Every structure is written in structure tokens, then in C-alpha cells.
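Reader: I'd like to go through a few labels with you and see what each one rests on. Could you take me through them?

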Amino acid sequence: MLNNNTEIYNILPNESSQTIRQIAEKAAAKYTVICLKSDILLGQNALHRFAQIADDTSAGLVFSDYIKIKNGKSFPNPVIDYQSGSLRDDFDFGSLLFFNTAALKNAAAKMTENYRFAGLYDLRLKLSQTHKLFHISELLYTENESDSRLSGEKQFDYVNPRNREVQIEMEHACTAHLKAIGALLEPNLQDTVFEKTENFPVEISVIIPVRNREKTVADAINSALKQKTNFAFNILIINNFSTDKTGEIIDDFVKKYPQKVIQIIPQRKDLGIGGCWNEAIFSENCGRFCAQLDSDDLYSDENILQFIVNEFVTQNCAMLVGSYQMVDFSLKTIPPGIIDHREWTAENGQNNALRINGLGAPRCFYTPILRAAGGLPNTSYGEDYAIGLRLSREHKIGRIYEPIYLCRRWDGNSDAALPVEKLNANNFYKDQLRTIELAARMKINLSKRTVV
């Protein structure tokens, strides 16, 4: 309920730096509320609760869970706690942001850039440098859902070419933040020195972790078998205790191609996708390089492995990330089409990797460096992002901007349409990976300054 002392300002667009400064200049009360939607319905005593918790925690920004109305039905929409690694520009605060006005003014005064799109993002990054951003696990307001797309579609907004100008600004703001907190890395990575091919059983191994993919695994294996190369390669399939016909399908390939298709059945039953990768990369059968092929997906043509190995040598990198095309089960292109992650640059990719939510696919590695890093975390989400962040501290990551991989979206995909609880868990984990990486990079920079 608004009282006679309430002033309302309709200032658009709220993304611009100019708008943020205007809000900060006009704010006169102890607290300032920015609403990103016009149809928010406040819950019982909601503003009082926001103010009470802002007082108790001395937070610079307070945000809460909320109720979402979608297709006429109400659903609770929890959000997640903010941590230092919550650098995604799409972090979900909800649509009601409750600021300590003094903190708001202080952060706005530090905003020296004139962003068209990254003003609010720049504000919260600068605010986080000096204040807590506090999450209230209470449903304090209701809003209407205006974006009806599935989670599997929304997750690629940041690589949509139409958003490129926005992403450049977001990268600039994040890079400035990393510099301010002592986590920015300089692009002075050394070329990778490769061991001789003779030290490995094959030049490259295709790694396919699989569990219960009887509908797709044969397509994936055939995609790898069709590769034309001037070197030897093999296919390491880690069958993670499938209970459908997946194992039988793999057995048929092993019998037909015993020198090329190798099935690995782990001794452990607690492995995620990352753990399955570790079974392969530490196997005596793993090649000098290793390349991803998910059991749902396909290489785009018969020359991809040759192309990958050539690019490793040309780019002298420890990790190589390709680009892929989104397709449906029948291989028809679906939105957003090509995912090429052009937000990665040789100059700033290792820093901008802390802002985005993934590095792309397929992921390929120089095996000795991947082994030296200890392999991948034993998880089934974010394991590739974790090792990518870790390697990018010290090693060059190469890029292929042509689509060399077909990523199939169908009902059986693990991330095609996620409930909010699972989406939150995934996002929290990746934020935590960034929190860990920030701490490591700040430690690296501090040690360099100490040495000097």
C-alpha cells in the first residue's frame, strides 16, 4: 500500500547507465525500490518485510522469492542466493529490487561508463563490491510470466547474434568488475607443447558417456565411425549401467569394430558424466587428444576429427571448443540455430568465461593436461564448464566458430525443459564454480604482486 509520502518515477529504459544515475539522484528516502515490471502485486506487509530485513542485514540490495502467474495459474518461483560468483548478467533477482539508498547512490557514483543496456548490471556489480546482496526465501509479491519459452530455449539468449551489442556491454562491465576486485587475468598464456603421437595408443579418442539412450546411441557411434582421418582414432563408450537396450547396442558395435570401439563399464556406481569422462581419459586406451560426443548428438560431417586435430596443432591450445547447430530429433534446424559462442575472444575469453554460463561444444582436450588437472568433477551438470574455467587460468583455449556438431533437442534431453527447482540448482552450482574460480584468480594475482 502506497502512502502520501511515496513518489513514483517512470524511467525507461531501466537498463541504461543514465537511467540508473537518474534514479540514484532522485532517491531521497532510506530505501529505493526498482520494479522491472509494472504489474507487480505486493504481498501482505511486503515492503515492511523488505525494509526490516534490509535493516537487520545491512544489505545493499534485498530481493525475494515470488509467485509467478503463468497461463492463469499461480506457481511459487524461488530464486537463489547471490554469491561472489553470481556474475551472470541474467541472474534472476525477480522483478522487485529493494535498495539501501545510500548504497545505491554510492554504487551509482562509481559508474563511469555510459551503457545503453548494461546499466543495471554495472550497478549491481559495483554494489556487490562493498555490500551484501541478500535473498529472502519468502514469497513477497506476485508477477505475470511474460516469457513462455522452455528453459532449454532461454539458456541460449546470451549467444543470440541479435543480442551481440548487449553482450559486448555486459562483457565490458564484468571485465571492469574483475579488475576492481583483483580477479582479472592478463592474456599472456603460453603455447601448448605436445608430446609425440607415438606415446599414445591413438591420436584422438571420441568419448561417449551414456546411460539409457537406446534411441540415439547408435547414431552417435556411427557418426564417429564415419570419420575420415590420416591417423588412428578410437571411440571410448562409458556405459554407466544402462538398464535399457543401450548395452546390447554397444556390444554389437564392439563385436563388429573391436579395434575401434571400446566399451568401458565402470566399477563404481556413483558416477555422473564427469566421472564417466574420468574413466575414459585415465584409461590406457585414451589418445593424445580426446573429443566430446554426447550420446544424443552427432558430428556434422565425416571430417570433424581431422579438423579438430589440425586445429589443436595450429592453435597450440590445451582445450579446443567448437560450435554446434541446434536440431530436433529428425535433424531439422531449430531456434536459435548455430551456437558459436563468439563472446569468446583470444584477448579476453578467459575473463569473460566468468560471466557466461558455458563455453560451447564439442569440448576437446589435450589428454596429458586434462589428466594433470585431475580430470573433471564427478557431476552430471557443469563438469565441462568447471574444467574449462580451471584450464583457462593457465592454458590457451582454442575456438572453432564453424558448426561441427549437431546438438539434438528432444523430450529425452536432460536440459530441454527444467522445473525451476532444478534450474536453480544448476545455476547455483555454476555460480559456485565461478566463486571458486574468482578466489583462485585473486590468489594468483596476489601472489604475483607479492613476488614483485
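Author: Gladly. Glycine 388 counts as buried, with 1% relative accessibility. Please keep in mind that this is a predicted model.

Reader: What makes glycine 388 buried?

Author: The cut-off for buried is under 20% relative accessible area. Glycine 388 has 1%, so it counts as buried. This glycine belongs to helix H13, residues 383-392. Beyond its neighbours within four places in sequence, glycine 388 contacts Met319, Leu359 and Ile397. The C-alpha atoms of glycine 388 and leucine 359 are 7.4 Å apart, although 29 residues separate them along the chain.

Reader: Why is serine 283 called buried?

Author: Its relative accessibility is 12%, and therefore serine 283 is buried by the cut-off of under 20%. Serine 283 sits in the loop between helix H9 (273-281) and strand S10 (289-292). Its side chain reaches the backbone nitrogen of asparagine 285 at 3.0 Å. Not counting residues up to four places away in sequence, serine 283 touches Ile264 and Arg371.

Reader: And why is H7 called roughly parallel to H8?

Author: The axes of helix H7 (residues 217-225) and helix H8 (residues 246-256) come within 10 Å and cross at roughly 25°. Angles under 35 degrees count as roughly parallel, so H7 is roughly parallel to H8. The crossing is right-handed. Val217, Ala218, Ile221, Asn222 and Leu225 of H7 make the contact with Thr246, Ile249, Ile250 and Phe253 of H8.

Reader: What kinds of residues make up the contact of H7 with H8?

Author: Seven are nonpolar, two are polar and none is charged.

Methods:
Residues are numbered from 1 along each chain as its sequence is written. This is a predicted model: local features need pLDDT of at least 70, side-chain atom pairs count only at pLDDT 80 or more; totals for chains, interfaces and linings use all residues. Side-chain values use heavy atoms; hydrogens and water are left out. Helices (H or I, at least four residues) and strands (E, at least two) are DSSP runs, numbered from the N terminus. Buried means under 20% relative accessible area, exposed over 50%, partly exposed in between (1.4 Å probe, protein chains only). A polar contact is a pair of N or O atoms within 3.5 Å; within protein, one must be able to donate a hydrogen and the other to accept it, and residues adjacent in sequence count only if both atoms are side-chain atoms. Contact means heavy atoms within 4.5 Å. Axes are lines fitted to C-alpha atoms, for helices over the stretch in contact, and angles run from 0 to 180 degrees between N-to-C directions. Angles under 35 degrees count as roughly parallel, over 145 as roughly antiparallel, 65 to 115 as roughly perpendicular and the rest as oblique. A crossing is left-handed if the near helix is turned anticlockwise from the far one by less than a right angle, and right-handed if clockwise. Ala, Val, Leu, Ile, Met, Phe, Trp, Tyr, Cys and Pro count as nonpolar, Asp, Glu, Lys and Arg as charged, and the others, Gly among them, as polar.
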